[in-house]
Amino acid sequence: MDVVASMVADRPVVIFSGTTCCMSHTIKTLIGGFGANPTVYELDDIPNGQQVEKALQQMGCNPSVPAVFIGQQLIGGANQVMTLQLRNQLAPLLKRAGAIWI
């Protein structure tokens, strides 16, 4: 889990993704649509991807991607992010994290 903590440190939005995962693409598009520029880690493209995926699963991410951190806090996967969006809570969360300004 330390590896995940170091990857999300000092970044307003981090998305752990899979290059062929359609839900990861959807979440990246949604968050980018607010004007945020998330740090994206494609787990199937990085050398320690399997280690990171196991750490995400230990943190409760099931499935492991997409896994979204906003303000260094684990938000969860696609369902949790979409729920925040439907409740109009995603934009304020991004703003508080410093990912967007308006």
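**Close-up 1. Helix α2 passes helix α4 in a left-handed crossing.** This is a predicted model. Two packed helices are described by the angle between their axes and the distance between the axes. Here the axes of α2 (residues 22-33) and α4 (residues 78-86) come within 10 Å and cross at roughly 30°. From α2, Met23, Ile27 and Leu30 make the contact. From α4, the partners are Ala78, Val81, Met82 and Gln85. Of these contact residues, 6 are nonpolar, 1 is polar and none is charged.

**Close-up 2. An open sheet is built from 4 strands.** Their order is β2-β1-β3-β4, and the pairing is mixed. Strands β2 (39-42) and β4 lie at the edges, where each pairs on one side only. On average, neighbouring strands are turned by 20° against each other, direction ignored. Helix α2 packs on this sheet and touches β1, β2 and β3. The direction of α2 makes about 165° with that of β1.

**Close-up 3. Strands β1 and β3 pair in the antiparallel sense.** Strands of a sheet pair through backbone hydrogen bonds, either parallel or antiparallel. Between β1 and β3 there are 4 bridges. Val13 stands opposite Ile70 of β3.

**Close-up 4. Strands β3 and β4 form a hairpin.** The two strands run antiparallel, and 3 bridges join β3 to β4 (residues 73-76). Val68 faces its opposite residue, Gly76, in β4. The hairpin has 2 residues between its strands. Gly71 sits in the turn, with a positive phi of about 60°.

**Close-up 5. Helix α3 (residues 49-58) has buried residues.** Gly49, Val52, Ala55 and Leu56 are the buried ones. They cover an arc of only 125° around the axis, so they lie on the same side of α3. An α-helix has 3.6 residues a turn, so residues three or four places apart point the same way. The cover over the buried residues of α3 includes α1 (2-8), β1 (13-17) and β3 (67-70).

**Close-up 6. The face of α3 turned away from its buried side carries exposed residues.** These are Gln50, Lys54 and Gln58. Gly60 follows α3. The phi of Gly60 is positive, near 110°.

Notes. Residues numbered from 1 in each chain as written. Predicted model: local features only at pLDDT ≥ 70, side-chain atom pairs only at ≥ 80, totals over all residues. Heavy atoms only, no water. Buried < 20%, exposed > 50% of the residue type's maximum accessible area, 1.4 Å probe, protein only. Arc of directions from axis to C-beta. Contact = heavy atoms within 4.5 Å. Pairing = 2+ DSSP bridges. Axes fitted to C-alpha atoms, helices over the stretch in contact; angles between N-to-C directions. Left-handed = near helix turned anticlockwise from the far one by under 90°. Nonpolar A, V, L, I, M, F, W, Y, C, P; charged D, E, K, R; others polar.
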